[in-house]
Amino acid sequence: MEVTGASSGIGTETARVLALRGVHVVMAVRNVDSGNKVREEIHKEIPSAKVEVMELDLCSMSSVREFASKYNSSGFPLNILINNAGIMASPYLLSKDNIELQFATNYLSHFLLTNLLLDNMKNTARESNREGRIVNLSSSAHRHPFPGGIRFDTINDEAGYGSIKAYGQSKLATLLHANELARRFKEEGVNITANSLHPGGIHTNLFRYHTVLSGFASTIGRFMFKTVPQGAATTCYVALHPQVNGVSGKYFEDCNISKSTAYGQDAELAKKLWEFSLPLTNP
């Protein structure tokens, strides 16, 4: 099992809980030192835990390709893929591949990563005769993207950029990615599911770009926001629970299937996004 962004926040808690359940966890992290510290903490609590740390920088597609190559060469099977890592409401910035940073980090690099690991997942599902699961962390912010949902023609334009809208766009893309994967898996008859979820409002380092939101979350918001373990609960539920067997292409909140927006249920928009993403991720 592999989880991105596992060196902090709900990624760390997800890795801990899954290790506690006996899952062999590969933590894909940008900062390997931080990842190793998390692994040490998990081993202190769970001496029998099987946890690996591998470097992955979602701001760079070359890093994504290098990670996927190393993972696929490692001999590790892959039954569960959790696309967790992300940034929130950053000022206008470009990734190392000159793509708007939130779209690149939260969605596009996960799109590429998933595609590069799919053969491994399909082989694992077939050889183990166990359902594979892909879990994409979206957000309720997917309800507030740019007009039209995705700015296909101006994805990298600074003009008209809004940090909150861009975050919503990236999380809508993450949701649509899971929906399109689910459609394709059903069409191919592959024993893998794909779902998305909103973990809830949680005060993590996601707020580092917004001092006002961070201040609110640290004061009044702490009575309203979820704890990190509460935030990770839906991820762990969708990744492991038997009640989710065979469930695919759904959006979850609070460990229950929830309803997304019209954009979030638009199959044609999901297909268009997939076709749009392919050339952006080709070397």
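**Figure 1. Packing of helices α5 and α8.** Helix α5 (residues 163–188) and helix α8 pack at an angle of about 95°, and their axes lie 9 Å apart. The two helices, α5 and α8, are therefore roughly perpendicular to each other. Angles of 65 to 115 degrees count as roughly perpendicular, those under 35 as roughly parallel, those over 145 as roughly antiparallel and the rest as oblique. Axes are lines fitted to C-alpha atoms, for helices over the stretch in contact, and angles run from 0 to 180 degrees between N-to-C directions. The model is predicted: local features need pLDDT of at least 70 and side-chain atom pairs count only at pLDDT 80 or more, whereas totals for chains, interfaces and linings use all residues. Residues are numbered from 1 along each chain as its sequence is written, and side-chain values use heavy atoms, with hydrogens and water left out. Helices (H or I, at least four residues) and strands (E, at least two) are DSSP runs, numbered from the N terminus. On the α5 side, Ala173, Leu176, His177, Glu180, Leu181, Arg183 and Arg184 meet Leu269, Ala270, Lys271, Leu273, Trp274 and Glu275 of α8. Contact means heavy atoms within 4.5 Å.

Figure 2. Thr281 belongs to helix α8 (residues 267–281). With a relative accessibility of 5%, Thr281 counts as buried; the term buried means under 20% relative accessible area, exposed over 50% and partly exposed in between (1.4 Å probe, protein chains only). Apart from neighbours within four places in sequence, Thr281 is in contact with Met61, Arg65, Leu108, Phe111 and Leu112.

**Figure 3. The eight-stranded sheet.** Eight strands form an open sheet of mixed pairing, in the order β3-β2-β1-β4-β5-β6-β7-β8. Strands β3 (51–55) and β8 (256–258) stand at the edges with a single partner strand each, so one side of each has no neighbour in the sheet. From one strand to the next, the twist averages 25°. Helix α1 (residues 9–20) packs on the sheet and touches β1, β2 (25–29), β3, β4 and β5, its direction making about 165° with that of β2. Helix α4 also packs on the sheet, touching β1, β4, β5 and β6 (192–198), and its direction makes about 165° with that of β4. Strands pair if DSSP finds at least two bridges between them. Strand β7 (residues 251–253) runs antiparallel to β8, to which three bridges join it, and Tyr251 stands opposite Ser258 in β8.

**Figure 4. Strand β2 and its two partners.** Five of the five residues of β2 are buried, so this strand is largely enclosed by the rest of the structure. Val25, Met27 and Val29 point one way from β2, while Val26 and Ala28 point the other way. Three bridges pair β1 with β2 in the parallel sense, and the bridge partner of Val3 in β2 is Met27. On pairing with β3, β2 again runs in the parallel sense, over five bridges, with Val26 opposite Glu52 in β3. Two right-handed β-α-β units involve β2: one comprises β1, α1 and β2, and another comprises β2, helix α2 (residues 32–45) and β3. A crossover is right-handed if, with the strands pointing away from the viewer, the path from the first strand over the helix to the second runs clockwise.

**Figure 5. Strand β4 and Asn83.** Ile80 and Ile82 point one way from β4 (residues 80–83), Leu81 and Asn83 point the other way, and all are buried. Two bridges join β4 to the parallel strand β1 (residues 2–4), with Ile82 as the bridge partner of Val3. Four bridges join β4 to strand β5 (residues 132–137), also in parallel, and Leu81 has Ile134 as its bridge partner in β5. From β4 the chain crosses through helix α4 (residues 101–128) to β5, a right-handed β-α-β crossover. Asn83 has 2% relative accessibility, and its side chain makes a polar contact with the side chain of Thr114 (3.1 Å).

**Figure 6. Two residues with positive phi.** Ala89, in the loop between β4 and α4, has a positive phi of about 55° although it is not a glycine. Asn129, in the loop between α4 and β5, likewise has a positive phi of about 55° without being a glycine. Ala89 is buried at a relative accessible area of 3%, whereas Asn129 is exposed at 66%.

Note on methods. Polar contact = N/O pair within 3.5 Å; in protein donor to acceptor, adjacent residues only side chain to side chain.
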